[in-house]
Every structure is written in C-alpha cells, then in structure tokens.
Amino acid sequence: MAIRWRLAHRIADLDAGTWDALVPDGNPFVRHAFLSALELGGSLRPELGWRSRPLLLEDDGRLLAALPAYEKQNSHGEFVFDWHWAEASHRAGIPYYPKLLIGAPYSPVPGPRLLLAPECRDDSAHYYNLIRETLRAWIDRETATGNAKTRQPPRYSGVHINFHLDTERCHDQDWIERLDWQYHWFNPGYRDFDDFLDTLVGKKRKNIRQERDRVARQGWTFRRVPGTKATEAERDLLYRCYVQTFLDKGNTPALTRETFSRWLAAPELGAVLVVAELEGIPRAMAFLFANDQRLYGRYWGSEIDAPGLHFETCYYQGIEHAIAHKLKVFEPGAQGEHKLARGFVPVPTWSSHWLTHPGLRHAVAGHVAEETKAQVEFGAVLRRHSPYRDHSAEAPPA
C-alpha cells in the first residue's frame, strides 16, 4: 500500500465525472460544476486571498478520496469566524496565514467535505481517520521541508474543515471541534403552505399570514424560474441585486457574473430564481440551489425597499417551492434568529481545526471549549422558543 496525496492545480482541470462520483447525495456545493465555476469565472482570485489546492488521496494510483482544498491568505468568504484566532496568533508572533481550508468557498452550507470513493463508503469511519492522519502528516512534511530549505515560517499554520457533516466529525483531541447553529425548515409531507401553517402556534401563524398579505397588497407577484431557463435580463437583475446587497452591507461582492452564469447553466446544480415583480417589472430576486432532497437559499437583493419583501422572497417562496417539489429540507442560509419565528428550527453545524503550533492549538482549544458550553446553552434556549405546536415537526422525517 502506497498512500499519498496528489496536489492538483485546480478542480476545473480534473475530470467532472470522476470528481462527482465522490459526491454523496448530489450535494451542489462540492460538485465539479459549482467549484469549477468559481475558478473559471474568476471568483477565486489571489487578491481576495484564494488559491485552489484540491487534494487527491491515492493508493498506488487508485483514487480513495478528494478534498476541495484552498490555500487562504485571509479568512474572507468562509463564515467560520476565526479572525480573533488570527489576531491572537499574530500578537504572539505566530504567522496565521497561509492556512489550508477544506470547504465550499463563499458557501456556509453544511455538506460533505471528505469525499470518498464509492467503494470506501462502507468503511467511512476508517477512511475519515486515514484522511485526517495523512493530511496532518502531509502538512507536517510541507512545513518541515519549507523551513529547512527557505528558513521561512511554516507553509500552513493549520487546516480548517468548515461546515462538514456530523458523520465526518473527529474526536481526536488534537483536532479542535467547533459548534454553531443554523436554522432549517423540515417537510414531513405538507400538502400546501396552509398545511404547514396549521402546525405553528397561533401567534406565529397569524404573523406569517399578515406578512404575506402585506406584500400581496403592495402588488408584488412572484415567479420561480429554473436556472437553465433564466433570461439574460433575469441574470442581469440577479447580479445587480447581489452586488448592491453586498455593497450596502459594506462587503466585497467577490463573485463574478460569469460564475453566476455558469451556475445557472449547469442543470446538475438545480439553480432556481425567485423573481419578484411589481407592476409586471422584475425588481427583486432570490437565488437558490436544489437537489432531489434539499433546497438551499444563497443570495437575494431588491431594487426597492418594501416591508416584508425579504421574508416573502427568501423564505415563504422557498417553502412553497419545497412543498411543491416534495423536498425534505430547506436551508435558507447562515445566521438569523428571526428565522425561528418563520418555521425554521435550530440545527447544529460543525467545523474542525488543526493548528500546527502547539501553543496556539492549546490556547484556541481552551477558548473553543468555553465557547461550546455557551453554544450548547444557546441551543437549549432556541429550542424552548420553537414555533411549532408539536415538536415532532422540528425534525426531518425518518
């Protein structure tokens, strides 16, 4: 057995069929079409701190696993906020960048990160451990070689696996595991939107109806358009809305129009546009992805500031789409406790971190241990504020 990592230049250079064969359940955010569109569309740029470093784990040339990996010179576009770790590291004279990120760029969406060949999945726990062990050994070797030859700081300060699946969690004490919360909507088989509303406590049900009625009285109408059928005008509106929303919040709109166009054109990504029209003119937009089980909300924006429009466009239209297409879960995006009042319930998300410097690793581990206690308590508080009359509605169907 000769197991080794092979470093590729970018995912776009790898065979799409070979890569996608490693993606379980058709998760859009680690599919070849999604990741290569970021590269080919110019959204992963060195000046933004990104460099593609996909890793392939092979045994005598046989592909065992692949990792969507990136060399990062900052922490933008990751949504697992380690800025204070980086600040503390630099104050201590320990370089924090570059670091190695394993995840989906600009996408705080839980999903598989350690992609296994189909023949390895029956023994997934073994291969997950193998991946982590050989990954650490590879980084140690890279670090040692770099120091010996160049007298420079370590090549990578560590490796960060963001928004991985619960089944990919690691209980090795050298890996720091971080807990956070998102808000997802589950569909046990609702007939329609009113059937969903009937499961909520009275106040929540009344508030949602009032929000929807307010938007309808303003004259807004909505269309849900498959991404592959989007017109150029709809693509233009999508990109304008995305850019303006990011600028309004003081953020950099890193994604390019070409990346969006590539996503829309790829049927395997299941892109969906929610087009909001006023007097027959499209003025707002939400952008989602879907597979046969889940709907994922990603971006939204509006050219008009209208009360309740965000909730209708991003949440209620998504719920209606999920019900109509019999999707089991709707993940509208990261953060936002306001989602709890609209039928979304708290779901834990995980990230794992291994830092090469022992002192930094010890300090961060202590901080995260305290942070985790607070997050567990916060989750208990969230669950006490469930919007449902019957708590069984909060879980996915068996």
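The paragraphs that follow take up confidence, then the pockets, then the cavities.

This is a predicted model, in which local features need pLDDT of at least 70 and side-chain atom pairs count only at pLDDT 80 or more, while totals for chains, interfaces and linings use all residues. Residues are numbered from 1 along each chain as its sequence is written, and side-chain values use heavy atoms, with hydrogens and water left out. The chain averages a pLDDT (the predictor's confidence in each residue, from 0 to 100) of 94, and 95% of the residues score at least 70. Over residues 147-151, however, pLDDT stays under 50, and for this stretch the model has 4 contacts (heavy atoms within 4.5 Å) beyond four places in sequence.

The largest pocket has a volume of about 1000 Å³; a pocket is an open set of points on a 1 Å grid over the protein atoms alone, with protein on both sides within 12 Å along at least five of seven lines, and its lining residues have an atom within 4 Å of a point. A volume is the space filled by probe spheres set on the points, which are joined across faces, edges and corners. Of the 36 residues lining the largest pocket, Phe79, Phe246, Lys249, Asn251 and Tyr299 are the closest to its centre. Helix 7 (232-248), strand 12 (281-290), strand 13 (294-302) and helix 9 (309-324) each supply at least two lining residues, and strand 13 gives the most, with 4; helices (H or I, at least four residues) and strands (E, at least two) are DSSP runs, numbered from the N terminus.

The second largest pocket holds about 700 Å³ of space. Among the 33 residues that line this pocket, Asp25, Pro110, Gly111, Leu165 and Arg294 are the closest to its centre. Elements giving two or more residues to this lining include helix 4 (124-150), strand 9 (176-186) and strand 13, whereas strand 15 gives the most, with 4 residues.

The structure also holds 3 cavities of 30 Å³ or more, a cavity being a set of points where a 1.4 Å probe fits but cannot get out. The largest cavity, with a volume of about 80 Å³, has Phe79, Asp180, Trp181 and Gln182 among its lining residues, and strand 9 gives the most to this lining, with 3 residues.
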